[in-house]
Amino acid sequence: MSVAELVETAGAMQRIRVEQLGGRLGARIHGVRLGGGLPASTVATIREALLRHKVVFFGDQEGLTDEEHIAFAERFGPLTTAHPTVNTGSARILRVSANKGMAANAWHTDVTFVDRVPAISVLRAVTLPPYGGNTVWANTATAYDELPDSLKALVDRLWVVHTNSYDYAQRDEEHEQPDANYTREDFVSQLFETRHPVVRVHPETGERSLVLGHFVKGFVGYNASESAELFHLLQQRITRLENSIRWAWRPGDVAMWDNRATQHYAVADFDTHPREMRRITVAGDVPVSIDGRRSEVIHGDARAYSRLDELIS
């Protein structure tokens, strides 16, 4: 089903059409040129679509500059710095590059190793390989909703430790660097560990979603073997094919997702062709459990990455 809304911009009428792509997540938004000058009604329509569909896609954005990319993301809230540990040359933009078939080929939610988990990510395609390099998203809210009641009773009380000492780009013996712009040593140059509720309450929708992915170190109160069993049991619920959507990138594409209700996976199937994406991140709050407890820092101070006071100023 599609919805459409007419909004007025600069004295003209611009038609925005939200095309639903999947039953559980995903929509394409037509009729918008991204940038900082969008009217408030357009921003509200995009936010509404994002909260409903979890990930939205914009096509035909060729020529979008870094400055326009930043200005667009700022319409949805204060921005984080590019990354808590990695510097790819910009204060706000993380360059996610690969030239040896590398990609973030593990399911993850962005930067869950800090306490202030980002709210929204905006990713634009800069250089695409001639084939492959798709990205897949999964809905962590519907994954929770569809758990059996007996399993919900368990996970509602579980807490889990996330850390950046796990390299989501999965360095192996052949690839000593997880990305063309930084090394594993850069990624773990400062240790972060945070204790999160496995089930968080979304601050805007009130939905419950699972806080997992491959930054998970272990479950509080469980040993390594038990943690692995719990992780696979729940993670497989999230990444079921019917709970996901796969996007084949084209030049000019931009993806925007609710980082509080999704995981994603960049597929490393493009051989040695170059691939570069640029990501800007909207700051988020500290996850809150069903019983109202907030995530707790174990190691690391993320204030330089994301300022919580800016969210309430």
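This is a predicted model: local features need pLDDT of at least 70, side-chain atom pairs count only at pLDDT 80 or more; totals for chains, interfaces and linings use all residues.

Colleague: Take Phe-57 and Trp-137. What geometry does that pair have?

Modeller: Edge-to-face. The ring centres are 5.4 Å apart, with 70° between the planes.

Colleague: Where do the two sit in the chain?

Modeller: In distant parts of it. Phe-57 belongs to strand β4 (residues 55–58) and Trp-137 to strand β7 (residues 135–139). They are 80 residues apart.

Colleague: Is Phe-57 buried or exposed? And Trp-137, buried or exposed?

Modeller: Phe-57 is buried, at 0% relative accessible area. Trp-137 is buried too, also with a value of 0%.

Colleague: What about Trp-107 and Tyr-265, how are those rings arranged?

Modeller: That pair is tilted, with 55° between the planes and 5.5 Å centre to centre. It links distant parts of the chain as well. Trp-107 is in the loop between β5 (94–98) and β6 (120–127), while Tyr-265 is in strand β15 (residues 262–266). The separation is 158 residues.

Colleague: Why does Tyr-265 count as partly exposed?

Modeller: Its relative accessibility is 24%, and buried means under 20%. Trp-107 has 14%, so Trp-107 counts as buried.

Colleague: Which residues do ring pairs link into a cluster?

Modeller: Phe-57, Trp-137, Trp-247 and Trp-257.

Colleague: Switching to strands. What order do the 4 strands of the open sheet take?

Modeller: β12-β8-β9-β17, with antiparallel pairing. β12 (216–219) and β17 (296–299) are the edge strands. Each has a single partner strand, so one side of each has no neighbour in the sheet.

Colleague: How much are neighbouring strands turned against each other?

Modeller: By 25° on average, direction ignored.

Colleague: And β8 with β9, how many bridges?

Modeller: They pair over 5 bridges, in the antiparallel sense. β8 covers residues 159–163 and β9 covers residues 193–197. Thr-163, for one, has Glu-193 in β9 as its bridge partner.

Colleague: What lines the second largest cavity?

Modeller: It has 13 lining residues. Thr-109, Leu-210, Val-211, Asn-259 and Arg-260 are the ones nearest its centre.

Colleague: How does that lining split by class?

Modeller: There are 6 nonpolar, 5 polar and 2 charged residues.

Note on methods
Residues are numbered from 1 along each chain as its sequence is written. Side-chain values use heavy atoms; hydrogens and water are left out. Two strands pair if DSSP finds at least two bridges between them. Axes are lines fitted to C-alpha atoms, for helices over the stretch in contact, and angles run from 0 to 180 degrees between N-to-C directions. On a 1 Å grid over the protein atoms alone, a cavity is a set of points where a 1.4 Å probe fits but cannot get out, and a pocket is an open set with protein on both sides within 12 Å along at least five of seven lines; lining residues have an atom within 4 Å of a point. Ala, Val, Leu, Ile, Met, Phe, Trp, Tyr, Cys and Pro count as nonpolar, Asp, Glu, Lys and Arg as charged, and the others, Gly among them, as polar. Rings of Phe, Tyr and Trp (its six-membered ring) pair if their centres lie within 6.5 Å; planes under 30 degrees apart count as stacked, over 60 as edge-to-face and the rest as tilted. Buried means under 20% relative accessible area, exposed over 50%, partly exposed in between (1.4 Å probe, protein chains only).
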